[in-house]
Amino acid sequence: MSRESDPQAITDALTTAIDAFNEEGYGIPTREAEINPDVDWKTQLTKACRLLAAVDSLSGQGFHTATIELCFGATERSVEAYVLAEGGDDLDDFHDHTTCYDRATDLGLLSDTTTHQLRQLYDTNRTDSYYGGRRPTERQADTMQQLARSIHEYTTDRISEGGVCVCNSLD
């Protein structure tokens, strides 16, 4: 299919989205204030805080797929924040969505067993939730929310600099 046959609404929206990400033609960008851009680990940690805040606002409204997706993202961002802060890694070191778990084990944050289970949970259930034909359940969403929150609090408490988590200030 050639570009000329694509709907104008799609091509216009795509061009506008590309411009927005390139920060072209919109003046001074309005950034998400709660995201700390100082260093990569703080950025990842505060992104996790914001994802968890979004999950909290969706809670109990039946958005199970969105909750699960956001929880996987919050979990990954939280673990990445720890690895970046304590391991000296760079964001470029993470080529997939599960490398951060292996590094967390290398750094003593998580056991081999927990890392294996987190990777398996991601590989099996996140993929099936996203691509598969199953419909996520309320219980799955609730347990993912509990897991993401637990991992976030655990990793945040172990980052030596501390004081960066903005979760409590979002209430």
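Among the rings of Phe, Tyr and Trp (its six-membered ring), which pair if their centres lie within 6.5 Å, the count comes to one aromatic pair in this predicted model. The pair is formed by Phe72 and Tyr122, with 5.4 Å centre to centre and 85° between the planes, and it is edge-to-face, where planes under 30 degrees apart count as stacked, over 60 as edge-to-face and the rest as tilted. Because Phe72 lies in helix 3 and Tyr122 in helix 5 (residues 112-131), the pair ties together parts that are 50 residues apart in sequence. Phe72 is buried, with a relative accessible area of 5%, and Tyr122 counts as buried at 9% relative accessibility; buried means under 20% relative accessible area, exposed over 50%, and partly exposed in between (1.4 Å probe, protein chains only).

The model is a predicted one, in which local features need pLDDT of at least 70 and side-chain atom pairs count only at pLDDT 80 or more, whereas totals for chains, interfaces and linings use all residues. Residues are numbered from 1 along each chain as its sequence is written, and side-chain values use heavy atoms, with hydrogens and water left out.

The protein contains six helices and zero strands, these elements being DSSP runs numbered from the N terminus (helices: H or I, at least four residues; strands: E, at least two). From the N terminus on, the elements run α-α-α-α-α-α. The C-alpha atoms fill a box of roughly 55 × 40 × 35 Å, taken along the principal axes, and of the 171 residues of the protein, 33% count as buried. Contact means heavy atoms within 4.5 Å; among contacts between residues at least 6 apart in sequence, 58% join residues at least 24 apart.

Helix 2 (residues 40-58) and helix 3 (residues 64-87) pack at an angle of about 155°, with their axes 8 Å apart, the axes being lines fitted to C-alpha atoms, for helices over the stretch in contact, and the angles running from 0 to 180 degrees between N-to-C directions. Helix 2 is therefore roughly antiparallel to helix 3, given that angles under 35 degrees count as roughly parallel, over 145 as roughly antiparallel, 65 to 115 as roughly perpendicular and the rest as oblique. The crossing of helix 2 with helix 3 is left-handed, a term used if the near helix is turned anticlockwise from the far one by less than a right angle, and right-handed if clockwise. Residues of helix 2 in this contact include Trp41, Leu45, Leu51 and Val55, and those of helix 3 include Leu70, Cys71, Arg77 and Leu84. By class, the contact of helix 2 with helix 3 has 15 nonpolar, four polar and four charged residues, where Ala, Val, Leu, Ile, Met, Phe, Trp, Tyr, Cys and Pro count as nonpolar, Asp, Glu, Lys and Arg as charged, and the others, Gly among them, as polar.

Against helix 6 (residues 138-158), the axis of helix 3 comes within 9 Å and crosses at roughly 15°. Helix 3 is therefore roughly parallel to helix 6, and passes helix 6 in a left-handed crossing. The residues of the contact of helix 3 with helix 6 divide into ten nonpolar, eight polar and three charged. Gln145 in helix 6 is buried, with a relative accessible area of 16%; not counting residues up to four places away in sequence, Gln145 touches Val55, Asp56, Ser59 and Cys71.

Helix 3 also packs with helix 4 (residues 99-106), at an angle of about 45° and with axes 9 Å apart, and the two are therefore oblique to each other.

In the segment after helix 6, Val164 counts as buried at 10% relative accessibility. The C-alpha atoms of Val164 and Asn36 are separated by 8.3 Å, although the two residues are 128 residues apart along the chain. Not counting residues up to four places away in sequence, Val164 touches Asn36, Trp41, Lys42, Leu45 and Thr46. Asp142, placed in helix 6, counts as partly exposed at 38% relative accessibility.
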